[in-house]
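This report describes selected features of a predicted model. It covers sheets, helix packing, hairpins and the contact between the chains.

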Amino acid sequence: MADLTDQIPERISINLVVNGVRRTLEVVPWTTLLDALRDRLELTGTKKGCDHGQCGACTVLIDGRRVNSCLTLAVMKDGAEITTIEGLAKDGTLHPLQQAFIDHDAFQCGYCTPGQICSAAGLLAEGRARDADEIRELMSGNLCRCGAYPNIVAAIEQAMSRS
Amino acid sequence: MNAYVGTPTSRVDGRAKVTGTAKYAGEFTADGLVHGFVVEATIPRGRIVRLDTSEALKVAGVLDVLTHANRPSLADKDEAWKDEVAPEGSPFRPLYDDLIRFNGQPIALVVAEEWETAKFAATLVLVDYEQDGFATDLEAERGSASEMDKPHRPRGDAKGALAAAALRHEADYLIPTEHHNPMELYATTTVWESDGKLTVYDKTQGVQNVHKFLCAVFDKKPDDLRVISPFVGGAFGSGLRPQYQVVLATLAALALKRSVRVVLTRRQMYGLGHRPMTIEHVALGARPDGTLDAVTHEAVAVTSRYEDFSRNDTGWAEQLYKSPNSHFSHKLVDLDVSTPCDMRAPGAASGVCALECAMDELAVALKLDPIELRLKCYSDRDQSEDLPYTSKQLRECYARGAEAFGWARRTPAPRSMRDGKELVGWGMATGVWEALQMPVAVRIVLTSNGHAEVSCAASDIGTGTYTIVAQVAADALGLPIENISVRLADSALPQAPVEGGSWMAASSAHAVLGAAEDIRQELARLAKAMPDSPLAHLDAANVALVDGMIGRNGAAVSIADVMRHSNIERIEKEKLNQFAEDKSHARNTHSAVFAEVKVDEQLGVIRVTRVVSAVAAGRILNTKTARSQILGGVVWGIGMALHEETAMDHRFGRIMNANIAEYHIPVNADIHDIDVIFVDEPDDRINRLGIKGLGEIGIVGVPAAIANAVYHATGKRIRRFPITLDKLLD
């Protein structure tokens, strides 16, 4: 077999606007947005639960839309605006969804929580969920093994009623 | 006195979790951190005959590939590898030798500067095996089962009574292999400190268990390493024993003298422990009036070839149902799989599922309402030891649960209730778990600014330990909860066992009380010694800490003043709490679970539309987090009933659905109304606060209630779990 050193692709420079801050980084094309956030930008609030788009723990908002960052290559998002869980609170005041998740105890271990909250923020922006059944359906891409689903739905309903 | 205990206090770690600042094991970093990626075996049994790492080592950025052939030294005695909850046997040792014991076993660790590089290079490691004959099919190997010694001794002549019984129900119930699948991937970041010591950030339910284990495995002194795990992204029993990634990360750190992180993939986590597949054989003999003459329960469960894992699947009828004759046995079948481990309500989740399905079948045969049958057999004593209970409000659970559910409106005949094109079924079952308590030590440091730090090595795996410790401390010290900070899950902190078995709430709460009492005594002594002390004539034993003051009946002085006058900046007390041994009473939690299912007759689709879980578990410390524990248990029970199954291809001895798309766990759309009721259960015997613990009881009984509801809806009795729609369409 040939020397494998040349199998590592070259790094590409990209710009991401993450939580309102422009970040420039050099990434290998195989680096996912999730790994770029966690390992390169040290924004570990975005979680890795499967790396296969099966669990939703890595959900972030890209240009306002909820996306599984583990299925998104960082180089594909050059120039994009990305909001992670770290960017939702403003000046120390929690986002209404964050407060609602605390109020309704919508988490236990907390590992799926950033993805749930980002996904819920995307859901509210979509304006597609009108009742609990629709919230349940449209939040089903975000697994919670602790089984906090009823409280997650209650938290989203609270945030929805106040927005 | 109780500003916080018993209230719906929000989690004190809530803000950290909703803002993404809570750090989990794989998120700690260090200068020069490198990444390990695991290579797994692809055969279930045999020997590695060639392991060629040369191509992997050529990849730029790869630092090393560790295998059994080149690894640093590891302990060679089983004793070193036995952690505090290890079962009998010879524990698995990663990268120890060339033997393959299960498919998915780690056989190499590729270490590289970047994670992606390690992952890529891992695909270049070439392995040749010599495969041996293997077996992974419990049902095919049932005949080779060997009996385990279990505490439930036979009573009377169950076999004879069963043969003579007026009415008999006997059946096998099959619980499949299940995997915990916590959302967080198993991960360890082992930091190589400048002085050569190691700080190990590990995903675990017991930092001191891992600490002791690593010291033994790597021949280290206790001061050489420290294990920290401030947040755990779910574990459910999978983190009770040290998992292999903590060995690999630490091995690599020692080999490279660098900080190393190892994160398992979701697929690799199917090589860790699991709920063992079990055939539960239950036989009940009854009189026509519904009283029992005989109960027998035999479990035949999977274990690995190298360890004998078993739990109490079969003895629960001794607690629940009066019968003059009983016999229980637990058998194990050795297969070429990794050792099973505890998974939420181990033993009970499986065994009580079978028992409660069997009771439902008996009720049908007797034409009795399922609750009526259970009340006829209700046992006020634990029959195995013939002991009364410290408390048992199970009757109240049946009554309150039935009322909330509307059970009286149930028509008993199967297929007799409908909602449009859907069949409706109502089923119920009983749940039971142990109320265990363990020695725990807590340190409290009270500072003169009215702040207290409470610390303990216990973990919070999402159960809410941070919060209840803060609540109990705030009440005991008479301080607002904002003034309490809680530090947990650092091996250097005071003693705690692994967090499991539902014992941590009672155990940690009483340890807090013990340390707080020492603080109170110290403050009382100082307060009485103050000049013109309003406490001068009070008995130190009778003064209390309330609202930042110490005193009694208005004669009080502020804690801050006491400390200032005494020129004391801080009072530090550490106390180990041991519960007095009391063998005179049985200690259990109970529940009555009611489930409604709706079944689409054409498609077989089952929805669990309502669940009522009425729980008797002593005093509830936090009504908000306690409800969440039960909700979570019910969701797990729904998964166990309808979704969860690790599917093995027995031709290759390999798991076919080692991911969370094909291993189904409940999603949000699967979960509808769940009503949690805590039945009042005062218990002044079990412990001072009357606490029993809630982690497990929520799941027990739920799968059976759903299976019984499915029978009521469809007339079909499914005894092989999970109840998937294909089984209804057969």
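## The seven-stranded sheet of chain B

Thr190(B) has Val260(B) as its bridge partner in strand E13 of chain B. This pair belongs to the antiparallel pairing of strand E10 (residues 187–192) with strand E13 (residues 260–263) of chain B, which runs over four bridges. Both strands lie in an open sheet of seven strands in chain B, with the order E3-E6-E1-E13-E10-E11-E12 and mixed pairing. Strand E3 (62–67) and strand E12 (225–228) of chain B are at the edges; each has a single partner strand, so one side of each has no neighbour in the sheet. From one strand to the next, the twist averages 20°.

Two helices that pack on this sheet can be described by the strands they touch. Helix H7 (residues 207–217) of chain B touches strand E11 (198–202) and E12 of chain B. The direction of H7 makes about 150° with that of E12(B). Helix H8 (residues 244–256) of chain B touches strand E1 (34–40), E3, strand E6 (106–112), E10, E11 and E13 of chain B. The direction of H8 makes about 25° with that of E10(B).

## Packing of helices H13 and H14 in chain B

Two packed helices are described by the angle between their axes and the distance between the axes. For helix H13 (residues 465–477) and helix H14 (residues 504–528) of chain B, the axes come within 9 Å and cross at roughly 30°. Angles under 35 degrees count as roughly parallel, and H13(B) and H14(B) are therefore roughly parallel to each other. Their crossing is right-handed.

On the side of H13(B), the contact is made by Thr465(B), Ile468(B), Val469(B), Val472(B), Ala473(B), Ala476(B) and Leu477(B). H14(B) contributes Met504(B), Ala505(B), Ser508(B), Ala509(B), Val512(B), Leu513(B), Ala516(B) and Ile519(B). By class, the residues of this contact are 13 nonpolar and two polar, with no charged residue.

## Strand E22 and its partners in chain B

Strand E22 (residues 440–447) of chain B takes part in two antiparallel pairings described here. With strand E28 (residues 570–577) of chain B, E22 pairs in the antiparallel sense over eight bridges. Within that pairing, Val442(B) has Lys575(B) as its bridge partner in E28(B).

The pairing of E22(B) with strand E23 (residues 451–455) of chain B is also antiparallel and has five bridges. Here Arg443(B) stands opposite Ser455(B) in E23(B). E22(B) and E23(B) form a hairpin with three residues between the strands, and Gly450(B) takes a positive phi near 80° in this hairpin.

## A three-stranded sheet in chain B

Chain B also has an open sheet of three strands in the order E25-E26-E27, with antiparallel pairing. Strand E25 (544–546) and strand E27 (555–558) of chain B are the edge strands, and each pairs on one side only. The twist averages 30° from one strand to the next.

Three bridges connect E25(B) with strand E26 (residues 549–552) of chain B in the antiparallel sense. One pairing places Ala544(B) with Gly551(B) as its bridge partner in E26(B).

## A hairpin in chain A

In chain A, strand E3 (residues 59–62) and strand E4 (residues 65–68) run antiparallel and are joined by four bridges. The bridge partner of Ile62(A) in E4(A) is Arg65(A). E3(A) and E4(A) form a hairpin with two residues between them, and Asp63(A) in the turn has a positive phi of about 50°.

## Contact between the chains

How many residues does each chain bring to the contact? Chain A supplies 55 residues and chain B supplies 53 residues. On the side of chain A that touches chain B, at least two residues come from each of helix H1 (33–40), helix H2 (96–103), helix H3 (113–126), helix H4 (132–138) and helix H5 (149–162) of chain A. H5(A) gives the largest share of that side, five residues. The residues on the side of chain A divide into 27 nonpolar, 16 polar and twelve charged.

## Overall dimensions of chain B

Chain B contains 18 helices and 33 strands. Its radius of gyration is 27 Å, close to the 27 Å that the globule rule gives for 730 residues, so chain B is as compact as a globular protein of that length. Taken along the principal axes, the C-alpha atoms of chain B fill a box of roughly 80 × 75 × 50 Å.

Note on methods:
Residues numbered from 1 in each chain as written. Chains lettered and ligands numbered in written order. Predicted model: local features only at pLDDT ≥ 70, side-chain atom pairs only at ≥ 80, totals over all residues. Pairing = 2+ DSSP bridges. Axes fitted to C-alpha atoms, helices over the stretch in contact; angles between N-to-C directions. Contact = placed C-beta atoms within 7 Å. Parallel < 35°, antiparallel > 145°, perpendicular 65-115°, else oblique. Left-handed = near helix turned anticlockwise from the far one by under 90°. Nonpolar A, V, L, I, M, F, W, Y, C, P; charged D, E, K, R; others polar. Rg over C-alpha atoms; globule rule 2.2 N^0.38 Å.
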